Amino acid sequence: MKAKIVSRLFLSVVALSLLIFAGASASAKEPLVIGGVFSVTGTHSYLGDPEKKTLEMMVAESNAKGGLKGQPLKVVIYDDEGDPTKARLQAEKLIQKDKALAIIGPSLTPTSMAILPVTSKAKVPLISCAAGIGITSPAHERQWVFKTAQTDQMAVSRIYQYLQKTGINKVAILTVATGFGISGKEQLNALAPKYGIQLVAQEVFGEKDTDMTPQLTKIRGTAAQAVICWGTGPAPALVAKNMKQLGLTIPLVQSHGAASKKFIELAGEAGDGIIMPAGKLVIYKLLTDTDPQKAVCQEYDKKYQAKYSAPASSFGGYAYDAWRMLTQAVEKVGKDRAKIRGALEGTKNFVGVSGIFNMSPDDHNGLSPEAFVMVKIEKGEFKLLD
Amino acid sequence: MNVLADLLQYLFSGLTNGAIFALIALGFGIIYNATTIINFAQGEMVMLGALSAISFYHLKPSLPLAFVGGVATVIVVGLVFERLALRPVREPTPLTLIIITVGGAVLIKGLAMLYWGKEAYSLPSFSGEAPLYLGTATILPQNLWVLGLTALLVAVLEAFFRLTLVGKAMRACAYNARAARLVGIPPGRMVQLSFGLSAALGAAGGILIVPLTMGMYDMGTMLGLKGFSAAILGGLGSSLGGVLGGLLLGVAESLACGLISSGYRDAVAFFILLVVLFLRPQGLLGGRE
């Protein structure tokens, strides 16, 4: 009986593998595999979900046009759930099993840091969609790693430039106790002396906190001329509401993490007058036609809207830029990974959704603070400030 | 800025949050009295109340209607939960039932995520967002709504338990279920009623606080935990204790946040809970078992 089952099992395995082989040889050209690792589910799904959707959309579009250099494409995307260990295993799987030509992602700084030793060792180009500055710097240690997301440093520089211009030098900061907020706090502290800004209070709030009046009451007792809030999700909108509640009238500056229509909706009336740096995708309709990024943002937003009937987000934009940059490199130099790496490093004046990229051997991000524009919320709409 | 005004501000913020903890704590207490179990799905009732009120408000922008609709929806959910998940259990030991409520909480949260998504939603304040000034401290009309309606609910609840026949029957069940059955009170019905009541309290708490905090599918877990702490702090099963526990916890959190450091907010709340459990395990106002 047992022997029978075993032999039957064996037979079916043989049959199955024959089928697979037949399938493989039937398509004359094996598809080119592009790997993706994103935080599609879990707390950070607001990042990973649009990134995955963008990549799938672009691969489908490319295949409909006959693929890349006449070769069909296949995208293999794994969900790391925001867990660095999972991300690392999945990167190994993409390299060993799926033989990915290059990998796009992960969505977060910790997951990116976890997989870059793996991809670098295997000499597979990696284009991360995360913000952390350590992912691509120092560039000479990160030969095989690139990234398309703006770094926090750029957002901070942009905010400080603005504050300097308006004559504000005493600032209170209120940051969320997650990776995003901690990195923001570091950069806010690191860059403050350069712009002559003094941080008179440094408060923290939890991602799920629902009442920030105690922290703001403390800030009210200081000489702060403005508050900078660094967070994502509903909490920054609560900060805006709580400030109105306390009658705190000094300007509120939010981070780029709050730059979305959703924030305006949540903050309601309390949103009026808030200033923040935003990626150009959020406000592309306000840009003049001479801005080269306008057309790119519009095209991406339209495509995304058409396919998923939801507005495109900056996060999906990171994957969009990574995809276009990668396919441009492959078009140019073919399927050799070392040549692709070289082409990526040589990317110049590449107009993307997140900014204009100028890569070099010393800079594998290629963006400048100008990737952000300062915007102000007026009557429930974003307005350009400069 | 003077210290007194700041203290007043912390107090307002603490009392508002505390009032919500108190409502949740009362819900824990009512079910505990009727069944001797802890209903860990209580926090999810708060979330359901808040989100369904928002959904009703989007259908027809009337706040009283949204309030009633939200509470009614959650009462139904509470009753159905009791009927489908708890009553059919073959050997209803408290531990089994408590674990079922934990499972129920996860299920309700998951379904809410599927229905409402991971977005945050807001509900307008009941009467405007212009702050009222008390010296240099400020208070929102919504804070007054929270405090006032909580006080009203607690008073009505107390009157219900002390003055009406049904309320007295529920208390009789809490004291001694077998004796209550002997005099003709159906304990099953009373348990059902207790689930409906505590669901209503949780929902009311959720709808009251949501204009201040915004609603999200996962808002219930932490609120439930805080409400549970408040119930333990005040003495599980004592309604006055629940209210006291809630307010104390809220104020302690807010003071810790303002005077020590914002990072210690949750730590202080749970630290007080631990101290109380060590020194007075039956809670501040709990009777001796």
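Predicted model: local features only at pLDDT ≥ 70, side-chain atom pairs only at ≥ 80, totals over all residues.
**Entry 1: chain B as a whole**

I began with the secondary structure of chain B, which comes to 11 helices and 2 strands. Reading from the N terminus, I wrote the order of its elements down as α-α-α-α-β-β-α-α-α-α-α-α-α. The radius of gyration of chain B is 19 Å, close to the 19 Å that the globule rule gives for 289 residues, so chain B is as compact as a globular protein of that length. Along the principal axes, I found that the C-alpha atoms of chain B fill a box of roughly 65 × 50 × 35 Å. I then looked up burial, and buried residues account for 51% of the 289 residues in chain B. For contacts in chain B between residues at least 6 apart in sequence, I noted that 74% join residues at least 24 apart.

**Entry 2: helix H1 of chain B and its partners**

Before turning to the pairs, I reminded myself that two packed helices are described by the angle between their axes and the distance between those axes. For H1(B), residues 3–35, and H9(B), residues 219–234, the axes come within 7 Å and cross at roughly 70°. Angles of 65 to 115 degrees count as roughly perpendicular, and H1(B) and H9(B) are therefore roughly perpendicular to each other. On the H1(B) side of this contact I listed Ile20(B), Phe21(B), Ala22(B), Ile24(B), Ala25(B), Phe28(B) and Gly29(B). These meet Leu223(B), Gly224(B), Lys226(B), Gly227(B), Phe228(B), Ala230(B), Ala231(B) and Gly234(B) in H9(B). Sorted by class, the contact of H1(B) with H9(B) has 10 nonpolar, 4 polar and 1 charged residues.

I next looked at H1(B) against H10(B), where the axes come within 6 Å and cross at roughly 145°. The crossing in which H1(B) passes H10(B) is right-handed. In the contact of H1(B) with H10(B), I recorded 13 nonpolar, 12 polar and 2 charged residues.

**Entry 3: where chain B touches chain A**

How many residues does each chain bring to the contact? I found 23 residues from chain B and 28 residues from chain A. On the side of chain B that touches chain A, the elements giving two or more residues are H1 and helix H10 (239–260) of chain B. H1(B) supplies the largest share of that side, 5 residues. By class, the side of chain B that touches chain A has 9 nonpolar, 10 polar and 4 charged residues.

The buried residues of H8(A) include Lys241(A), Asn242(A), Lys244(A) and Gln245(A). Just after H8(A), I noted that Gly247(A) takes a positive phi of about 70°.

I then looked up Gly279(A), which is found in strand E10 (residues 275–279) of chain A. With 26 C-beta neighbours inside 10 Å, Gly279(A) counts as buried. Leaving aside residues up to four places away in sequence, Gly279(A) touches Gln150(A), His256(A), Ala259(A), Ser314(A), Gly317(A), Ser354(A), Ala371(A) and Phe372(A). From Gly279(A) to Lys244(A), I read a separation of 35 residues in sequence and 26 Å in space, C-alpha to C-alpha.

**Entry 4: backbone details**

I looked up two cis peptide bonds in chain A. The bond from Gly105(A) to Pro106(A) is cis, with omega near -10°, and Pro106(A) lies in the loop between strand E3 (102–104) and helix H4 (109–121) of chain A. The bond from Ser137(A) to Pro138(A) is cis, with omega near 0°, and Pro138(A) lies in the loop between strand E4 (126–128) and strand E5 (145–147) of chain A.

With 12 C-beta neighbours inside 10 Å, Lys123(A) counts as exposed. Met214(B), which lies in the loop between helix H8 (187–213) and H9 of chain B, has a positive phi of about 70° although it is not a glycine. Met214(B) is buried, with 24 other C-beta atoms within 10 Å.

Key: Residues numbered from 1 in each chain as written. Chains lettered and ligands numbered in written order. Axes fitted to C-alpha atoms, helices over the stretch in contact; angles between N-to-C directions. Helix = DSSP H or I, 4+ residues; strand = E, 2+ residues; numbered from the N terminus. Parallel < 35°, antiparallel > 145°, perpendicular 65-115°, else oblique. Contact = placed C-beta atoms within 7 Å. Nonpolar A, V, L, I, M, F, W, Y, C, P; charged D, E, K, R; others polar. Buried ≥ 20, exposed ≤ 12 C-beta atoms within 10 Å, placed from the backbone. Left-handed = near helix turned anticlockwise from the far one by under 90°. Rg over C-alpha atoms; globule rule 2.2 N^0.38 Å.
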